[in-house]
Amino acid sequence: MKRILYLSDYELLAFRVKGKILTKVQRFQTTDDAEFVNYLTDDPKTPIYWLIDSTQEEYQTALLPHVFGKDRYDAIAHRKKRLFENTTYTYGIIQGRETKGRKDDQMLFTALNKPDLLQPWLDLIITHKVPLVGIYSLPLLSQRLLKHLPKAPYTLLVAHTPQISPHNPAGLRQSFFVKQKLQFSRLIPLNTHNPQEYADYVLKQIVTTQHFLTNSRMLPQTEPAPLSTIILSEGGLLEALNQSLSGSFSDLNIRILDNHDFARRLGLRTGEIAKRKGEKEEKALYLCDFVAFQLSRSWYTKNHYAKVADIRYFLYRHLRMGLYFISVLLLVGAGITSLTIYKSVAAIEQNGQKVIEKKRQREVELKELYQKVPQLPIDIVLLRTIVDSGDYLKAYHILPRPALEKLSQVLNRHQNLFLQRLEWGIGNSPLKIFQPYSKSTKTKKGKVVTEPNNPVDEIDPTKNFVEGMRLHGKIHPFRGDYLKALRTFNKFVADLRQPRNDFWQINVLLSPYDSTQKFQGQIGSQSEIGKAPFVIDILIKHSHAKKN
Amino acid sequence: MPKKIEEKTTMIDWSVLLSALIIFGLSLIMGIVAVLASYQYYNHMTAWELKQRNDFGGVESQYSRLQETLEVVNNLYLKKFNQLKSDGFLINGTRLTLQEQYLKTSNELRTILSQLPLFKQASDYDFSDQKRYTIPGYQESEFKIYKREINLKLGVLHEGDVLKSIETIEFQKLAGIFNLQNCDIKRNRDDINIKDVSKPYFSANCVLAWYVSLIDKGK
């Protein structure tokens, strides 16, 4: 529900709009009337929209440089101050831009020249802390009606207003719009109830206004005048207007609309009108009804005249709403957060219960195990370490006899091989058993070439270790036949490599003959017969498998 | 005059905001209390769950330890442990110190070596210094292994005497674990004359590793 106050020079009307039903609730003529105070105190919470429809409202069009931000604000404030010195209730609105020249902004400035008209009412509203949304100029808001009326570049809207003085039954407002924007408005009293007099009066006023607009260059001076006039009227007045129009005013471009038809077009329905004691029920529709209805239909309308101080209780209301909303958000947020946390807690609790259950189960199994365990002399971990260490060391407890016996069996088949030296050892890797073998040969230039020979794969010392034998021997007897010596040696190596010997690797470090060896000497001399030595590594891989 | 009105109306009327401010404050407090309380509860339950897990971990480790014990028993660990003790590898049970054990073993070894078929003039032995020995993959603990290397220089008539000597030492069951580490056997002469046995035909340099261990709870 929205409530709207309508203030004319004569009275204050209170409207209530609920849905599409507009109801005149109450009528107040003086601020001394306690009824207005009662009206305010009965419902101090519903915000008030306040329409002003006064003869004291002034309209000025002007051009302002097209600037932005603070410059625009200052320019408008300065112009308002200059135009309207005696009032603080002023308003300026940009209505368009010039298409030529400096392309200045086209402004309309309005002002309420008699603040005393609204001040007593406003004071009461503020005193009773009723939220005021804004103070609006009725002619300015009547712009919104144009979208429901026949469109024209120059429009004069003529409509009735409620009583504007104790001596007149009604008022007549003429508002002039260029391109749907208000330029000028005029409120005059309507003195007669006689339809024909009324029609003549209205049409004469229209002609007067048209002359004024033409003379003041607000309307182009073309023939026929481009002004489209729309009269909102009702009842018997409509017929009288139509008759007059077909007579002496036939040259005017005038459309006459029935107020009730227009109300239907807007969707406006009027409710039961409250009335003061002894007053007849009123069925007439005025411009203020349409504007109030339009105002109620929009969710936001920019305030025209009210100052921040005037609408502070509305701002406070917003602030309150904001605080309530934030409070609700806080509570909802806290609730959701707490719920989320409680949900996590529930999951934690569930996990904890599962752990407890597992613990209970394990405790039962533990008790059963306890009955099976014998007494140990020392800590179990230590015991295990000692036993495993012992196993590790005992794994190295290998004697050379088995390997030497296998070697002897092979050597027995090769009588020409003569062993001079045998190295035996065990270690984590072949490199740790024997010194790296190198042979030295003198080249022609007398340099010594060292040829490293460590052809052994690395092994994982935590899993395996190596037993190794290095054989240093020679072909004996040797009479200089290297070919035969090499064949004998190769046969020996091939026999060593037989799988039945379980030797892991056989590495020849020195062969009876190698490709770098050169034959030279005195022909027929015995001294030229050299030697045919050899060196072989035999490796056997063992694992740290536990030995009981 | 209008300015005066403006100045007057700029005062904030707190009375109309009071209820909203109170509700906002209460909501804020309630929200904070609710969130804090639920966090407190969450922390409490997290700690509770952790405690349950720790308790379970305790029981579980006890259970694993027991299972391990059973495994040890099943794998004859205890039997092996006793065997190592009786072998003299773990000297805690022998009532001897490391030093005493060393002296005892060296005496025994000297006696054994003197009875071997060796060329005495060409043979000798030498104990190295005692060193800590760590098995790869095992961390330092109160259980400590010590190693000494015994370098044997042997002069023999036949290469088989080297093996016999080593096996004789093995057979004597000296305290600790003895591992032959390496042996370098060299032929001193190419030709063999069975009538000449005055000098060794072979000389061997062998290294025996001797291991003993100790549970040292003091360190």
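**View 1. Where chain B meets chain A.** In this predicted model, 73 residues of chain B are in contact with 70 residues of chain A, a contact being two residues whose C-beta atoms, placed from the backbone, lie within 7 Å. On the chain B side, the elements that give two or more residues include helix 1 (2–9), helix 3 (77–86), helix 5 (159–171) and strand 3 (143–156). Strand 4 (177–187) and strand 5 (202–215) of chain B are on that list too. The largest share, 36 residues, belongs to helix 2 of chain B. Helices (H or I, at least four residues) and strands (E, at least two) are DSSP runs, numbered from the N terminus.

A quick note on bookkeeping: residues are numbered from 1 along each chain as its sequence is written, while chains are lettered from A and ligands numbered from 1 in the order in which they are written. Because the model is predicted, local features need pLDDT of at least 70 and side-chain atom pairs count only at pLDDT 80 or more, whereas totals for chains, interfaces and linings use all residues.

**View 2. Two helices crossing between the chains.** Here helix 10 of chain A (residues 380–395) packs against helix 2 of chain B (residues 14–74), with the axes 10 Å apart and an angle of about 40°. That makes the pair oblique, the label for angles that are not under 35 degrees (roughly parallel), over 145 (roughly antiparallel) or 65 to 115 (roughly perpendicular). Axes are lines fitted to C-alpha atoms, for helices over the stretch in contact, and angles run from 0 to 180 degrees between N-to-C directions. The crossing is left-handed, meaning that the near helix is turned anticlockwise from the far one by less than a right angle. Helix 10 of chain A contributes I380(A), L383(A) and R384(A) to the contact, and helix 2 of chain B brings R65(B), E68(B), T69(B) and V72(B).

**View 3. A well-enclosed strand in chain A.** Strand 12 of chain A (residues 227–233) has 6 of its 7 residues buried, so the rest of the structure largely encloses it. Buried means 20 or more other C-beta atoms within 10 Å of the residue's own, with C-beta atoms placed from the backbone. Strand 12 pairs in the parallel sense with strand 9 (residues 154–161) over 6 bridges, and T155(A) stands opposite S228(A). Strands count as paired if DSSP finds at least two bridges between them. Strand 13 (residues 254–258) also runs parallel to strand 12, joined by 5 bridges; there L232(A) has L257(A) as its bridge partner.

View 4. Strand 6 and strand 7 (residues 105–112) share 7 bridges, with R97(A) partnered by D105(A).

View 5. Average pLDDT (the predictor's confidence in each residue, from 0 to 100) is 85 for chain A, and 90% of the residues score at least 70. Residues 273–282 stay under 50, and the model gives them 10 contacts beyond four places in sequence. Residues 440–456 are also below 50, with 22 contacts beyond near neighbours in sequence.

Notes
A residue is buried if 20 or more other C-beta atoms lie within 10 Å of its own, exposed if 12 or fewer, and partly exposed in between; C-beta atoms are placed from the backbone.
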